[in-house]
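Subject: Handover of a structure and notes on its packing

Dear colleague,

Please find the structure below, handed over for your own work. The notes that follow it set out what was found.

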Amino acid sequence: MTALTEDDFHRLRTVRAESPRAIRETLAGRRRREIIRGDGRLFIIAADHPARGALAVGGSPFAMADRYELLDRLAIALRHPGVDGVLGTPDIIDDLAVLGLLDDKIVVGSMNRGGLRGASFEMDDRYTGYDVPAMVDSGIDFAKALLRVNLDDDGTAPTLASTAEAVTAAARADLPIMLEPFLSRRVDGRVVNDLSPDAVMLSIAIASGLGASSASSWLKLPVVEDMERVLAATTLPVLLLGGDAGADPDDTFSTWEDALSLPGVRGLTVGRTLLYSSDIDVASAIDVAASLVHPGLTA
């Protein structure tokens, strides 16, 4: 199943080469929506992985390298009525705007992509994507920042400081900002996130206190064991992130369903798990996840 045609991609390439100003105008002029409406829950598709050099899905190291395939999968997802929006870096968001896929959708701008996967400086996660003024100017609805805290790596300190500045700027602009915190460490040269309940709770405490105001702060959290106790660590709105794309889909969906019923949880922000599942096609995966987030939805 494909959602886009070669004519769509030809038009996208033509606009990029010949009418770049139209990209900005299209994004700024799209039809926007309220962040919270209806049942008050959100289903956001995440697609900001490539800009951090994270192209792998499961055992395929370059699964997300084909931009045309990625855009086609995103188009299938965004055309589903239960999908509320998309999370991406400027290159992805600009492509989707030109393709006409962002009307009545929440657009979440990814901010820090400088901590490239596998780099010696991975923990010094520089803000190389959107900034708050640019998002406000172009009509981006929501901000997102990754916050990996490694107590043994000096790169964590500048990341904490720059994230605090981003939180403060977002609060001043009344722009919601989604913080994705982890306690991380290097294992055999690779950064690994600690998904124990205690570690997630500690990461929540650190992220929640960043910036001069928490009024605009949300959290994007993994689904882990003892999730009810984990969620008791915060009063901030929570969106759940997806798990391993190689996991059994039925187990994943069941885990999400349980976590979505807990107080404070407002929905899902999921990418590769749904877009690149080896066990279920994109449309079917999106349909199941949308029914979990919006159980009253009639497709």
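The count of aromatic pairs comes to 3. Please note that the model is a predicted one.

Aromatic pairs

A pair of aromatic rings is described by the distance of the centres and the angle of the planes. For F142 and W218, the centres are 5.3 Å apart and the planes stand at 75°, an edge-to-face arrangement. F142 belongs to strand 4 (residues 142-149) and W218 to strand 7 (residues 217-221), so this pair ties together parts that are 76 residues apart in sequence. Are these two residues buried or exposed? F142 counts as buried because its relative accessibility is 1%, below the 20% cut-off. W218 is likewise buried, with a relative accessible area of 10%.

The second pair is formed by F253 and W256, whose ring centres lie 5.6 Å apart with the planes at 70°, so this pair is edge-to-face. Both residues are in helix 9 (residues 249-260), where they are 3 residues apart, about one turn of the helix. F253 counts as buried at 10% relative accessibility, and W256 counts as buried at 2%.

From L146 it is separated by 146 residues in sequence and by 25 Å in space, C-alpha to C-alpha.

Packing against helix 4

Two packed helices are described by the angle between their axes and the distance between the axes. Helix 4 (residues 90-98) packs with helix 1 (residues 6-18) at about 115°, the axes being 10 Å apart, and the crossing of helix 1 and helix 4 is right-handed. On the side of helix 1 the residues are R11, L12, V15 and R16, which meet D91, D94, D95 and V98 of helix 4. By class, this contact of helix 1 with helix 4 has 3 nonpolar, no polar and 5 charged residues.

Helix 3 (residues 67-78) also packs with helix 4, at an angle of about 60° and with the axes 11 Å apart. The crossing of helix 3 and helix 4 is right-handed. Helix 3 contributes R67, L70, L71, L74 and L78 to the contact, and helix 4 contributes D91, I92, D95 and L96. The residues of the contact of helix 3 with helix 4 divide into 6 nonpolar, no polar and 3 charged.

Nonpolar cores

In soluble globular proteins, nonpolar side chains tend to be buried together. The largest nonpolar core of this model has 81 residues, of which F43, I45, L74, L96, L268 and L274 touch the most other members. L74 and L96 also take part in the contact of helix 3 with helix 4. With its neighbours within four places in sequence left aside, I45 is in contact with L74, A77, V83, G85, V86, L87, V270, L274, L275 and I286. Another core, of 11 residues, lies apart from the largest one, and I35, L42, M178 and L239 are among its members.

With kind regards

Definitions and conventions: Residues are numbered from 1 along each chain as its sequence is written. This is a predicted model: local features need pLDDT of at least 70, side-chain atom pairs count only at pLDDT 80 or more; totals for chains, interfaces and linings use all residues. Side-chain values use heavy atoms; hydrogens and water are left out. Axes are lines fitted to C-alpha atoms, for helices over the stretch in contact, and angles run from 0 to 180 degrees between N-to-C directions. Helices (H or I, at least four residues) and strands (E, at least two) are DSSP runs, numbered from the N terminus. A crossing is left-handed if the near helix is turned anticlockwise from the far one by less than a right angle, and right-handed if clockwise. Contact means heavy atoms within 4.5 Å. Ala, Val, Leu, Ile, Met, Phe, Trp, Tyr, Cys and Pro count as nonpolar, Asp, Glu, Lys and Arg as charged, and the others, Gly among them, as polar. A nonpolar core is a set of buried Ala, Val, Leu, Ile, Met, Phe, Trp, Tyr and Cys residues joined through side-chain atoms within 4.5 Å. Buried means under 20% relative accessible area, exposed over 50%, partly exposed in between (1.4 Å probe, protein chains only). Rings of Phe, Tyr and Trp (its six-membered ring) pair if their centres lie within 6.5 Å; planes under 30 degrees apart count as stacked, over 60 as edge-to-face and the rest as tilted.
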